[in-house]
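Work through the two exercises below with the structure in view, taking each solution one step at a time.

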Amino acid sequence: MNRVFIAQLAGLPVFGPDGEPVGKARDVVISLRIDRQPPRVLGMVVELVTRRRIFVPMLRLTSIEPNAVTLATGSVNLRPFHQRVNEVLVIGELLDAKIQLADGGTAVVVDAAMELSRTRDWRVVRVAARQRTGRFSLKGPVQVWRWEDIGGLSVNEIAGQPQGAQQLVAVFEGMRAADVAHALHELPPKRRHEVADALDDERLADVIEELSEEDQKDVLSHLDEERAADILEAMNPDDAADLLGELSEGTKDRLLELMEPEESEPVRRLLEYSFDTAGGLMTPEPIILTPDATIAEALARVRNPDLTPALASMVFVCRPPSATPTGRYLGCVHIQRLLREPPFDLVAGVLDTDLARLPPTASLSDVTRYFATYNLVCAPVLDETEHLLGAVTVDDVLDHLLPDNWRETGLSHA
């Protein structure tokens with residue numbers, strides 16, 4: 001392709017010379033000039049299947065097609081991508097930037113097109129932007145301008161001007177929360193904060209849960225306290241408790257006070273336990289049923305798409321009340337057992353009553369041994385009077401076993 005609109009590349013599969021999958025295209029790196037001549041495209045940011053982001057020079061790309069990108073033969077540097085001074089990420093930083101038009105008007109960038117020059121260099125030669133029709137309105141048509149005919153896209157201007165993030169958020173639309181979190185980590189703090197402002201509360205809560213502790217605190221401290229409390233309410237209680245546990249006592253107390261009481265109460269209970277115990281690791285919102293519930297009801301509950309696979313692997317049966325801490329715990333039912341039983345039978349008839357329970361004071365090593373012993377991904381946490389307090393899932397255990405910076409470094413590449 002001689003002209004490629006860069007925002008269309010986001011998420012495209014990247015293949016090696018023999019057709020083997022390598023990862024996904026995430027961004028394009030350009031070097032801005034002092035004058036208004038089209039900037040040179042340096043290369044592409046590719047996210048490997050291990051989630052590590054690497055830089056691939058444009059000369060190492062064989063083809064860029066509407067449905068895939070192909071690498072040339074030879075080795076690729078697998079060191080993590082680090083942005084250098086005067087380098088700009090087109091998708092991460094150029095989208096939503098305000099440009100100055102020749103007639104004095106302004107527009108907001110929605111895409112940029114690169115072309116292969118006669119010297120075999122790729123250059124960004126066109127900018128697609130939506131012209132403002134009022135002070136805040138962007139309802140005008142999208143038009144394409146030559147790079148030479150616009151202003152406002154120098155490195156200093158991009159770094160200094162406040163930007164919206166609607167176009168970048170649109171690029172993130174179909175991405176998993178973990179992938180969006182990884183993309184935010186790679187952005188400059190200014191741009192990261194602008195994206196946080198543009199995301200709705202539920203989406204931002206999902207993304208924050210996947211960020212490293214430092215990035216979590218950075219984003220939360222950027223938000224005003226009212227919105228920060230709303231985000232904490234939208235997070236899973238165990239993740240909210242982990243984040244609040246990293247903040248100063250004053251900030252933690254203020255945010256808890258701003259949260260709705262029914263949302264803050266389970267978080268406060270979790271904060272009573274050390275982060276490296278079953279009580280600190282557990283979620284207080286597993287699937288809880290009363291003994292008169294049917295197999296069909298249990299299966300309907302585990303189909304909830306908002307549940308993690310680990311949390312959906314088991315239902316817990318208790319006497320009322322069904323909110324934690326529950327009435328007397330009766331047992332659990334594994335999802336495989338649910339799938340084998342008649343749908344109108346009662347869950348009380350298929351209980352696993354022999355599975356060992358975890359006390360909230362169980363250490364991280366005890367919880368780890370528990371999962372290894374019973375080959376489970378979810379486990380009940382009970383107090384001394386047999387009331388269910390919550391459930392620990394294997395993903396939370398792994399999160400605490402891995403190094404603190406594991407979200408930033410990704411997986412090692414063989």
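**Exercise 1.** Find how much space lies in the largest cavity, and work out which domains it lies between.

*Solution.* The largest cavity holds about 150 Å³ of space, where a cavity is a set of points, on a 1 Å grid over the protein atoms alone, at which a 1.4 Å probe fits but cannot get out, and its volume is the space filled by probe spheres set on the points. The model is predicted, with local features needing pLDDT of at least 70 and side-chain atom pairs pLDDT 80 or more, while totals for chains, interfaces and linings use all residues. Residues are numbered from 1 along each chain as its sequence is written, and side-chain values use heavy atoms, without hydrogens or water.

Next, take the lining, whose residues have an atom within 4 Å of a point: there are 17 residues, and Arg26, Asp27, Arg53, Phe172 and Ala183 lie nearest the centre. The largest share, 3 residues, comes from α3, a helix being a DSSP run of H or I with at least four residues.

Finally, domain 1 (3-81) and domain 3 (174-271), with bounds from an automatic or database domain assignment, both give residues to this lining, so the cavity lies between them.

**Exercise 2.** Determine how the axes of helices α6 and α8 cross.

*Solution.* The axes, lines fitted to C-alpha atoms over the stretch in contact, come within 8 Å and cross at roughly 70°. The helices are therefore roughly perpendicular, a term for angles of 65 to 115 degrees. In the contact (heavy atoms within 4.5 Å), Leu204 and Ile208 are among the α6 residues, and Arg227 and Ile231 among those of α8.

Technical notes:
On a 1 Å grid over the protein atoms alone, a cavity is a set of points where a 1.4 Å probe fits but cannot get out, and a pocket is an open set with protein on both sides within 12 Å along at least five of seven lines; lining residues have an atom within 4 Å of a point. Helices (H or I, at least four residues) and strands (E, at least two) are DSSP runs, numbered from the N terminus. Axes are lines fitted to C-alpha atoms, for helices over the stretch in contact, and angles run from 0 to 180 degrees between N-to-C directions. Angles under 35 degrees count as roughly parallel, over 145 as roughly antiparallel, 65 to 115 as roughly perpendicular and the rest as oblique.
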